[in-house]
Amino acid sequence: MFDQLKKTEVYKSIFRHSYQDTQRNRALQIVDNVFLHLHPVRVPRHATNLSYTWGMGGITFLLFLILTITGVILMFYYRPTAQYAYEDMKYLMNDVPFGPLIRNMHRWAAHAMVLTVMLHMFRVFLTGSYKPPRQFNWVVGVLLLVLTLLLSFSGYLLPWDQLSIWAVTVGTNMARATPLLGHEGPLGPELGMRIDNDVRFVLLGGTEVGPPTLLRFYVGHCIFLPLIAVIFMAVHFWRVRKDGGISGPEAAKKI
Amino acid sequence: MPEEKPNIPVEQKDYSKLYLIFSAILFLGTAWAVWDEVKVRRPWKDYQEGYQQLLVEHLDSLRAAAESELDSATVVDLNAQRDKAVADLQSEEYQEAVSQKNVLLKDLDLATREWRFARSRSDAAYYSYQKAMLEGGDAASAKAEVQKHEDDIADYAKEIESLNAKIAELDVTINKYNDQVEKLNAEITGMFATINAHTLKLERTREMPIAIRQVMLNDYEFTPFQEIKARIDRCQTCHAGWAEPLMADAPQPYTQHPLPELLSKHNPESFGCTPCHRGQGPALTAGFAHGDDDHYWETPILRGIDVYATCNSCHVNETVLKYAAPFTKAKQIILDSGCNGCHNIKGFEEAPKIGPPLNSLPKKVQADWLFRWVRNPKDYNEHTRMPNFKLSNEEAEAITAFLMDVGKDAEFQFTRSRGSYAGGSSARGKLLFESVGCQACHTVGDEQTVRTNRALTFDIAPELTRVGSKVSADWMFDWIKNPRHYNPETRMPSLRLTDDEARNIVAYLNTLKDTRTFERTALDLNNPDKIKFGDKLVRDYGCFGCHAIKGTENEGKVSVDLSDFGRKKYEQMDFGNTHELSHDDTTEYQENSDGTVSVKHSWAGWVYGKLKNPRLYETERIPQRMPVFTFNDEEIRLIRMFLTSMTKDVPVANYQHNFNKRQQEIEAGRRLTQYYNCIQCHEMEGRGGYILTKYEEEAMGPPKIFESQGAKVQEPWLHEFLQGPTTIRPWLDIRMPTFNLTDAEISTITKYFLGTSKQELMIRDYAATPIDSKYLAPGRQLFDAYQCAKCHPAGRVSSDEVSASDLAPNLTMAASRLKPEWILSWLHDPQALQPGTRMPAYFYEGKGPDESVFDGVETEQIKALRAHVWSLGRQRSTASK
Amino acid sequence: MKRILCSIAMLGISFCALAGDVTGKVSFDGKAPAAARLRMDADKICARAHKAPVMGEDVVVNKNGTLKNVLIYVKDGLGGKKFDAPKDKVVFDQEGCVYDPHVLGIMVGQTLEVLNSDPTLHNVHSLSKANTQFNQAMPMKGMKLTKTFDKVETFKVKCEVHPWMGAYIGVFNHPYYAVTDDNGNFTIKGLSAGTYTLEAWHEKYGTQTMKVTVDASGKATADFKYSGK
């Protein structure tokens, strides 16, 4: 019966060709697929040894995906204005079915992502996977770490409660001490930096945390920072491939 | 030695078990998440089901009770009757009538149709006739044709009429049968009415959907960013029985909300719940809704008497609320204690100073008494309102010197010669003191009735147990004869004492001495440095907050503004050297055995400690200036409840109470009557009347100012009375004092009485009230028949009628004193207007005892009596007959 | 025949024996306080109604050293049984400006008929707290008023026109009460066998309680003693 199905036009238009289990086809499945082609067609034996890396990088990426998906769902219910932000969060917690679940998943995934990013970083360091030719990838990784932290920071403002506002106040107050760009930093005032035109002002969209800050952080958190993160992640994964695949112990590599 | 595990090549390792375990964990986790969301986070579903069950049980038992009370014999009987009536419809008479009617109806149809055709034909003929007239044809025959048709129409009309008449006749019979059936059906339904009502309610309850119930208050309040926002309350989702009388005794959360009369003015469907109770409206679990689990929610639910705090969000300017006795009492304490003297408090900005002016003290007291008083007022009078500033001897000396200096040029002089007080009898004075009304405000010794009834730890007027050692007898005499001589703004009224009465009272008061001995302290009162130091102290401690002192008229409030104090975070409060009680502890304040104090570190704990001992949080570096009051636990809780209400977060104007001009005038009167302590003697708006329990019979004490006084007395009379009270009830020993009120004050009080009696706030002219002459003679007859004069004098009182005048007011006053419409309500039912009054009711079930006048009809007899009583006053004033 | 008559008589007697009586007297110990003379000068009609001086009835000690106008009633022991109010009325008269009787008992729901036998105005003011207070005028002779009470209470009734007049009404939810007479005796009829708490009430000397047991023979006695000291 299944064979009959395979002969129909509908089936043939969806599945353009049949699959014959040859080595070539196996390779093509990976290489021809838009999602999978970043993966190597073949992996070295040591790559299947979970205990070397514990898949920390992969878990981090998985958490990033979870964050993206839950984040998009949250975006349906949240308005980034001072008038509505807190209310919408409350609405999500009280009214929306499974709202608390989505929000909590997003929150837990964020914390877990920071944790796994750290663990990944420790693993990379402890396995010497920053050594040539992988130095550049380490740098990219550090940038990704910074982006992760920035994403956490910007997301923290979004509930718009006392904790958010004061945490961001303290954080952005640090920005005013930036050299050259902050109005309280070394050489800043000499360059004409004032409270209303320095880098802190740019961050906050004002001289203190207010509605513009919220909007700014929201756009940063949902579009700007994820875009940059995606670009850097692409580079990071591609470099892993190009630099010889997933790391493993020296001895195992010889097998 | 363990066996070597066979070395499986890494690419052939089978992780499927691991994947299975992890998938299972993920699956279970997801299943748990769904179950948690649907069940655990929605406890309100269980509550609603529980409520439904409880209500169904109640209704079931009610229905069962109604069913058992049903007289089944009657039902059977009625059913039988109804069946018989239905069977009667088959009777020959009825059937015959129906068939005849049907035949007639058919005939009627035909006749009507013919009539219509005839009309059409007539119209056509008329056209022909007109045409003939116009064209010069045969008009005559055309006209005859028209006439013929008109005749036909008339014939048919007659036939229709007669048919209708016949049908109507038949209808009488037919309806008789039908009506009988309907009547019996209605009776049977009536028997089951209660049961059906219960059944209907039961069905509705069973079908009640399990759903969230909420109230939305649009545009209710402002966010901190000045945006208007709504409030959403979902409390009724769990508290489903709030409006159900059957749930009055049910356990929480199903209990009915108490005070349905209060709820009818603040309907939760349009008011919500959180405006009064606070809490987190949109939350759907008890912990979050009440704020217990959501630690960041700034307005958790108010428990106990704190719930009355929110009344102040809308009723901030009012001091008496009918359904909020704790609120009323808290504001009474605030007003009486003069908190606004040092603190700016929302709603009390214009409240007057509560203490006497200190500008002529040398004429009143001795310096060493003043010194001891300033050092600790509670030592002289335990219940005085003045708090203890815990001054050192030097400070007290300095202040004494300052006050003596301020008062040295005072203009006050005794008008009578020294010693004019002498010669009174202290025994008679004591009797006078106890009967004429002094005790309503002043306590002496063991007589504690008024103080106990007032139920506050402080008195409104000084306790006189030691007054003989405080002031001279000269001063006492001058004072009680005319208090305004020494202090033009005093609240103490004049009791219109004769010189003899005053002497007796002075003789009595002079015997009340302070029997303790004090060590002599040398006071250096003329030292300019000490005087200057005293001045500085007075300005620092803010004595002018309660007392008018020359030179301090322009000083501001010496302490913090409390108008937003309710929102102060406890993290910003200084707990001094107190220890901390844990949050789980039920006590808030604890005095430890080692002399330290433990206080709960929360807003409520801090405030309790502060009110209990205002110097509690004093440290070496940070002194506290607030003086020490001696409030008891209840008073502290009430004041704390009031402070909870001090917040800038109030709803927008349309949700607030409409404090319009009328309300403002009534409130002004209310505050004035509290200011002059009218409420010590007279019960007003449900509070006061503290002296009344001393009298066994209500009629022997000061009358209660019910919410009918404004409807009772004429405004011009009231004005004169308040200016100079006259005797209305001669049997009373207690006297209404003369308060020396200004015209504006009398007008305020009049409006207050009128306002609380739901009258228009205006003065009417009663002189022109007409008397209907047809009532005069019957009125006189009834007056004699009902023997009113047995109790009410109706003219000048002669000496041998002494006992009659003892019983009731003289009726010649009525025409100038009472409102004419009030007299009617009074005669109808005196006990309703003044419960416990001696005046009996004459009319029973709309009839009077004497049936010869107006056939005993109550309304007419009352009008007649009123006319007669009204004429008594007129006779007197016109001095005729 | 005689046998049948005897047995019927026996049955009758045994039925009577099922319902018991409590009799007793209230004695007074000590010197009776001097009765105050009621001054009725304020109302000539009242003054004229009496040839001899009228004494106050607050403490009436009979010649045999017993106390009159003591209200005796069952306080406890009836076990929550419900009793219907009898259909007959209790008459409360105002004659010669004095209330008659001075103390009376009535049941919840029973009708009190107040009568004014004087050609002068009286008013009946009940100083009750549990029952609705009423104050009704009776200006004509022969006027009648009916009242019923729905709560158990003992309260005073007074007249405002004639302040010396006073009487007491005890409202009960059972028929087991009585007032001592001129000889200080009282009888409470119809109690079934059992133990009861009896309470005696006097307007000046207060209440006293006593336990009494009605046995199978149906008789019991209870004597109270009040002291004037």
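Q: Which residue is the bridge partner of C:Leu198 in β15(C)?

A: In a regular strand, side chains alternate between the two faces of the sheet. In this predicted model, C:Met210 is the bridge partner of C:Leu198 in β15(C). Strands here are DSSP runs (E, at least two residues), numbered from the N terminus.

Q: In what sense do β14 and β15 of chain C pair?

A: Two strands pair if DSSP finds at least two bridges between them. Strand β14 (residues 194-202) of chain C and strand β15 (residues 206-214) of chain C are antiparallel, with 9 bridges.

Q: How many residues does each chain bring to the contact of chains A and B?

A: The size of an interface is often given as the accessible area lost when the parts come together. Here the description is by residues: 14 come from chain A and 14 from chain B, contact requiring C-beta atoms, placed from the backbone, within 7 Å. On the side of chain B that touches chain A, 7 are nonpolar, 1 is polar and 6 are charged. Nonpolar covers Ala, Val, Leu, Ile, Met, Phe, Trp, Tyr, Cys and Pro, charged covers Asp, Glu, Lys and Arg, and polar covers the others, Gly among them.

Q: How many helices and strands does chain A have?

A: Chain A has 12 helices (H or I runs, at least four residues) and 0 strands.

Conventions: Residues numbered from 1 in each chain as written. Chains lettered and ligands numbered in written order. Predicted model: local features only at pLDDT ≥ 70, side-chain atom pairs only at ≥ 80, totals over all residues. Contact = placed C-beta atoms within 7 Å.
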